[in-house]
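Subject: Structure handover

Dear colleague,

Here is the structure I said I would pass on. My notes on what turned up in it follow below.

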Amino acid sequence: MTSIHTEIMSVQNARVKEWAQLLERKGRDKQGKYIIEGYHLVEEALRAGAQVETIMYSLDKGVPAGLANLDPSSVEWVGVSQAVLEKCSDMQTPQGVLAVVARPQLGMDALLAGEHDLVVVLDGVQDPGNLGTIIRSADAVGAKAVVLGRGTVDLYNPKTIRSTMGSMYHLPIVEADLLELLPRARERGVWLVTTSLQAQRSCYDTDLRQPTWLILGNEAKGVSPEVAAQSDVQVIIPMQGKAESLNVAMAATVLLFEASRQRLYPPKINT
């Protein structure tokens, strides 16, 4: 059984004030940490070997037994009052367990040095729910990474974290300057595919079996002209109905599963 290192009851405690700052991007950037909430997310972080520093749990409910069994020796456990949980949570009804996690330090060089068979690149996606869904879809098809260009919503926003449903711990997620990264990726043989409503080429007529990075843009403006100029090809998802366009998360999901389908079920050639 994991031992309790300490208990904190007051919201005026200095550590509580530091943890509460992690609910804002400024605090996360300053401390290099973020906060996650709920049994499932904390479990996923522990199983994935994320740098979990502190787990806060409700003194009223006690230590979550399943999490205690996953506890590496480096994690600090802190029993806290309901008031402290509410101070450190952005939810109306806190779930009884939170964790403070150090942000990983994965940069462009590490990304380019690894496998880049299928990667999603996001240029200015603003909605936390969209980002979380895209990360889940990338995880579902076994994509190698997700790249967040400048202007994209913060991955460590509590709403984004919840919407990933733990998938953020299953593949690398890298923040990068796309105008610097994309040319370097092309030099390594990556095929850069951008979505565009003006494209004449269907995603279904495009060979996505080679190392491919799928670039998707802002919900309202799409991919920026500067980033679009870096692409090798622009594609469109054909639609037979009257909808003008797809939500960016849905478009990313369609493209990811089409790339996956082409890899898993290549066309058979009759001989």
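The lining of the largest cavity is made up of Leu23, Ile35, Ile36, Glu37, Leu41, Cys88, Ser89, Asp90, Leu98, Pro158, Ile161 and Arg162. By class, eight of the lining residues are nonpolar, one is polar and three are charged. Strand 2 and helix 8 (158-164) are the elements that each contribute two or more residues to this lining. Please keep in mind that the model is predicted.

The volume of the largest cavity comes to about 70 Å³. Searching the whole structure for cavities of 30 Å³ or more gives one. A probe the size of a water molecule, rolled over the atoms, shows where empty space is left.

Five strands form an open sheet in the order 1-4-3-5-2, and the pairing is mixed. At its edges lie strand 1 (6-8) and strand 2 (33-37), each of which pairs on one side only.

In general, the strands of a sheet pair through backbone hydrogen bonds, either parallel or antiparallel.

Regards

Conventions. Residues are numbered from 1 along each chain as its sequence is written. This is a predicted model: local features need pLDDT of at least 70, side-chain atom pairs count only at pLDDT 80 or more; totals for chains, interfaces and linings use all residues. Side-chain values use heavy atoms; hydrogens and water are left out. Two strands pair if DSSP finds at least two bridges between them. Helices (H or I, at least four residues) and strands (E, at least two) are DSSP runs, numbered from the N terminus. On a 1 Å grid over the protein atoms alone, a cavity is a set of points where a 1.4 Å probe fits but cannot get out, and a pocket is an open set with protein on both sides within 12 Å along at least five of seven lines; lining residues have an atom within 4 Å of a point. Grid points are joined across faces, edges and corners, and a volume is the space filled by probe spheres set on the points. Ala, Val, Leu, Ile, Met, Phe, Trp, Tyr, Cys and Pro count as nonpolar, Asp, Glu, Lys and Arg as charged, and the others, Gly among them, as polar.
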